[in-house]
Structures are given as C-alpha cells and as structure tokens.
Amino acid sequence: MGAALLQHTLALFFLAGISLIAIGLGRLILARTSIKFVSFGECVVFSIGLGFGVLSYSVFVLGAFQFLYPAVVYLLMGVLALLSVLGWIRAGHLSHRTPDFKKAPSLWDKGAINVLIVCLLFGFLLVLTPAVGKDALIYHLAAPKLFLKYHGLYFVPGNIFSHYPLGGEMLYVISLALRGEVLAKGIHFVMGLSILLGMWQFMRHHISEALFIPLALLIFYTIPSVFVTSHRAYNDLTVSFYTFLAVYAFVNWFARKQSVWVVLCGVFSGLAMATKYTALFLPFLGCLGILWACRHQKLSVQSALRLLLAYFACTFIVGSPFYIKNWMMTGNPFYPFMYGIFGGKGLDPEQARLYDLFIRILGTGRGFFDYLLLPWNVSVSAKMASPQFDGILGPVFILILPFAFGMRKIAIAAKIVVTYCFLAFMFWASSAQQIRYLIPIFPFLAMMTAYILSYYRSRKGVFAVLTVFIAGSLAFNGYHMVKDFVKIRPVDVVTGQEDRDVFLNRMVPSYAMFQYVNTHLPESSKTFLIYMKNFGYLCERPYYSDSMFESYTIQKILARSESHTDIYDSLRERGFTHILYDVNYVSGNMSSFSDVEKKIFLAFQEKHLKLLKSDKGRYYLYRLV
C-alpha cells in the first residue's frame, strides 16, 4: 500500500507541476498583449488553455524532427518550466477587477458544491487506475507510445486513428515519457476541471442573473458520458475545453469591445481543430458570428474584414499543422475522410466506404422522423458502448430547456451560446452521432439549465416542477456514475491490494494474451492481430491490426489466395511471425468470413500455424511455421 501511495503522490505532483507550467506559459503569452481580465479565475482559465496548447505544439515540433526521446522531453519540460516562472512573476498587469467570490454561497450552492466535490473525488480515484478505456488502448495512448518508441511522428500502418488531429495526444506523449498512463488520464481530468472553472467565470460575468452556478457545474460533470470520459485518457474534454474558450472569448469580445479577444477566439478555435475533426465547423461559426456582431455593433466593412482576417489567420496558423502533417504523410489532410477527393495512404476505396458506413449507422436512423425525434432519442434512448449514440446523456436538458420559451428577457450572452449550441447540434446530427462528440455544447446547456431555474424562482409552481426534474435527472446520472464506479472497483488497485496485471485481466478479457506476447515472444517478432479490438497500447512487440472491420486484411488475403500456401506467403511477405485472434470473429457465430473463407483459413491453420497459447476458449496465439 505504501508503494502505491508513493506512486500516486508522484503522479499528482507531476500533474500539478504540468498544470502550473501551463498556466505560467499562458500568462507569459497574455502578458505581451493588451488584454485585461475581470477576475483571477478568468485569467487562470484562459492561461491554462494557452499553456496546454504551447505544450502540445512543443511536443509536435519534437516529433516532426524525430527528437522524441524521454531525455529530450525532460529537457523540454525543464525549459518550459523556467519560462512559466517568468509568466507567474511578470504578468502582474493582467488586472483582476472583481473578486472570484462576491457573496457567501447559499444553501443550494453549498449542497451542490459538496455533491460536486464527492463526484470529483470518485472521478479522480478512477483516474488513478490503469488505463482500460477502449479508445485510449486503440490510439489515444497507443499512438503516443509508438511515437516515443520510434522517436517521432510517422505513418502507423493499419491504425487510421493515429492520423487524426492529435493535439491532445501530444500531451500524453509528455505523460508517458514522465510518469505513464495515470498522468495522461490526469491531464484529461484537469481539462474537465478547467471547463468547470470556465463555466463558473462565464456565468458570473455574462449571465449574472443565474443564481445556481454550482448546480450548473454539477449537472455538467454528472452527465454519465462526461463522468466516464473524465477519468479516461481520451480527448473529448480537451476539445470541449478549447471550444468553450473559443466561445467565451467571442462573448468577451462582443461585450468588452477588445479586438484581442477575436485573436484568442481564433487561437482556441485552431487548438480545437488540432484536437478533433469534430471542431472543423468552428471556423465557419466563428466567421458567421463575427459578421453578425459587426452588423449588430454597426462596425464598418473595413473593421469587419480586419476582424475576419485576424480570426481566420489565427485559426489557420494554430489549427493547420496536424492537417499539413497528414497531407505530407498520407496525401490526405483529412485522413481517412474525404477519400474520394484526396485518397489516402494505406486505404483503399472499399475500406473508406465501410468507414463512412460505420459513421452513418451511429444513432437511431437517418430518416426525416429520426432527425425530428433526435433530441428525444439522444436523451432517453442512448446506450453506452452501443451504436445507439455510444454514450448516455440523460433527460435533464430535454426536460428543462423547453421552459426557455417562456422567458421574456434573456441575456445576450445566453442567446449567443444557445445559437452556438443549436448550430453545433445540427452539425453533429449530420455527422457521427456519438454523444461524446456532443460534449462541447453540454457546459453551455448546463449553464442555461441553471439560468432557466433562476428565472422561474419567483413562480413557485414552475420552480417546483423544475426542481423535481433536475433532482430526478441528477439521480439518473448518479445511478450511472455508481454503476461505472462499481464496474471498475478502483479501491483495491489504487491502494495496492490488487496487482495491476490482475486488474487489467479483470477489466480487459484479452489482456492475458497480450501479456504472453510481451513476455514470451522475441523482440524481432511481428504479430498479426485479428479482432483483438486493436488494443495496441497493451502490446510491447511489433504488431499490425486493422483499425476498423478488423478482418479486412485477412479476408483480402483469403480472397486472393488459391491455397493455404498462398496465405502463408502473403503473411510472410508482410513480415508476420505470429497470429493472435478471437475465434468468435474468425470461425464463430460473429464471424464475417464466408464458408469458403473459413475453409481456406482452417486449412492454412492446420498446415502453417502452431498453437502457443489460448485463453478463455476464444483467444488463440499461433506461430507461423
């Protein structure tokens, strides 16, 4: 237990250090501008966002020039730490005109704060467990691990996700070089904390009529998909944080008339684009918003053009490096999307078609009535780890937001964020309908929920109904949070009473097979993974796996082979020495193989494969002979 406590203390120390470095770097940059903040909290939230962007692109530059060695990362962090000290010391002119707490919290606020603290503690306890999130094992952690192993950015065969925008994953390169996966999970958790701080500041300064600010924070964090994502090494809260700051900066510009806020809006739009493809719509919304604001404020055409140019230039400069990298490495800046226009290294038309098909099947349908019922379906019909939105939102917004139509006067900032949420929802509806991709609008919807409750506080009947709806929704969220907590059972592994391998074997059914590969196969081996979920982060030996439709390569080989010898030759040409597969997807009832393909594969298996290990009656590891 003592050793485990020491490890977690070190991880917390590094996490706090990286966060302080990020804030210091952000303050150092902001000190060179004319910007003025209205509170210390507002300064911190924008500073940490900028600082994380600097950290991310510093690693990107090292990766681009093939200098990703642990020693170089340590040196980089040392230099940036010194620079951050300057930011903490020399940024005193970033004035804070208002205190962060104007009055003592009410009973409502105290209750919400206490529950939020408990939820955050539960979430942080889960952060301290080994990584088991599916997408983290596939690419959020797997790609940074490979970049460190090969000392730079490179084309990862088979793993199309490793060529997504990886702004968030560059931070995980730092984590893996310094402390490991827990630190990576901690950084994503800090992104969630930063969103909460940003919500607090935004409501205080732009929706001052809202009286239940802690409740808004509680509603956001307890959304099941937000809670589950917060303790995993994903990038959804990272892109949500950058998006939040982009909208926050836009509202600040509109309210305070300082052009530097347009620049910051462009910077954070670019950082969001550099984190996830789902943020590609932000520049379009930003340009529309600037045009609307210029018309609303009766600015000249010349002023509007200057603002548009400043915004677009910042967005492009900050957001484009990962797209340029993709264009240079794969021939497609939006890899693996837009294959029909750009093509893409390592893909063929059929793979691209299947991937587009996969995107379209998420949700509950694409017909007219499906779109009409989408707000209802995403609130009540969504399921975790399912094509039905792959997450859980809960009923809070569908129950509360309609009451906004009864509000006679709405703050201009609230109108701006509601417009953003509507347009972002429409974009989401036309693309991949996964709830995680909607998280960027949840902070604003949670704030609107608190705003609506505040508006109706003098109408006892309506207020009581809203209170019941919110309480019931929080209970719904709490049930799913507890369910996630009980499923993982973090206490024993965090306190050292459960070994890491035992925990992973309990949480990841195929872990024992990867452990065997890591300990028994030579370093010169190369394993072909077939329907092993592409959990490459768990594999310490060279491997190949198709990211989607994981039997695609083997079925293509089978289709081109006339005998088992042809299959053997094809696999050897690709450098494979071993095959690891899940029998359920090869010859079992979940297989996509035709009867002919199954027959050919079994003949090949009998002649050219030697069984080394099997587990749970479904996982089999063979050596090619």
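Biologist: Is Cys 314 buried or exposed?
Modeller: Buried means under 20% relative accessible area, exposed over 50%, and partly exposed in between, with a 1.4 Å probe and protein chains only. The relative accessibility of Cys 314 is 18%, so Cys 314 counts as buried.

Biologist: What kind of model is this?
Modeller: Residues are numbered from 1 along each chain as its sequence is written, and side-chain values use heavy atoms, leaving out hydrogens and water. Local features need pLDDT of at least 70, side-chain atom pairs count only at pLDDT 80 or more, totals for chains, interfaces and linings use all residues, and the model is predicted.

Biologist: How many disulfides does the whole structure have?
Modeller: The search covers the whole structure and finds 0. Cys 294 is in no disulfide, and the nearest cysteine sulfur, in Cys 287, is 11 Å away. Cys 294 is also buried, at 3% relative accessibility. The count of disulfides is 0.

Biologist: How many residues of helix α7 are buried?
Modeller: Helices (H or I, at least four residues) and strands (E, at least two) are DSSP runs, numbered from the N terminus. Helix α7 covers residues 167–178 and is largely enclosed by the rest of the structure. Among its buried residues are Glu 169, Tyr 172 and Leu 178.

Biologist: Which residue takes a positive phi just after α7?
Modeller: The phi value there is about 120 degrees. The residue is Gly 180.

Biologist: Is Phe 389 buried or exposed?
Modeller: Phe 389 lies in the loop between α19 (374–380) and α20 (396–400). Its phi is near 75 degrees, a positive value in a residue other than glycine. Its relative accessible area is 0%, so Phe 389 is buried.

Biologist: What is the relative accessible area of His 151?
Modeller: His 151 sits in the loop between α6 (142–149) and α7. Its phi is positive too, near 65 degrees, and it is not a glycine. His 151 is partly exposed, with a relative accessible area of 25%.

Biologist: Which residue is joined to Tyr 335 by a cis peptide bond?
Modeller: The omega of this bond is about 0 degrees.

Biologist: At what angle do α27 and α30 cross?
Modeller: Axes are lines fitted to C-alpha atoms, for helices over the stretch in contact, and angles run from 0 to 180 degrees between N-to-C directions. Angles under 35 degrees count as roughly parallel, over 145 as roughly antiparallel, 65 to 115 as roughly perpendicular and the rest as oblique. α27 and α30 are therefore roughly perpendicular. The axes of α27 (residues 552–560) and α30 (residues 595–608) come within 10 Å and cross at roughly 90 degrees.

Biologist: Which residues of α30 make the contact with α27?
Modeller: Contact means heavy atoms within 4.5 Å. From α27 come Ile 554, Gln 555 and Leu 558. From α30 come Glu 597, Ile 600 and Phe 601.

Biologist: How many nonpolar residues are in the contact of α8 with α22?
Modeller: Ala, Val, Leu, Ile, Met, Phe, Trp, Tyr, Cys and Pro count as nonpolar, Asp, Glu, Lys and Arg as charged, and the others, Gly among them, as polar. Ile 195, Met 199, Phe 202 and Met 203 of α8 meet Pro 443, Ala 446, Met 447 and Ala 450 of α22. No polar and no charged residues take part, and the nonpolar count is 8.

Biologist: What is the angle between α8 and α22?
Modeller: The two helices are oblique to each other. Their axes are 11 Å apart, and the angle is about 45 degrees.

Biologist: Is the crossing of α2 and α8 left-handed or right-handed?
Modeller: A crossing is left-handed if the near helix is turned anticlockwise from the far one by less than a right angle, and right-handed if clockwise. The axes of α2 (residues 40–64) and α8 (residues 181–206) come within 9 Å and cross at roughly 145 degrees. The crossing of α2 and α8 is left-handed.

Biologist: In which helix is Asn 252?
Modeller: Asn 252 is buried, at 0% relative accessibility. Beyond its neighbours within four places in sequence, its contacts include Glu 42, His 206 and Trp 261. Asn 252 belongs to residues 236–256, helix α11.

Key: A disulfide is a pair of cysteine sulfur atoms within 2.5 Å.
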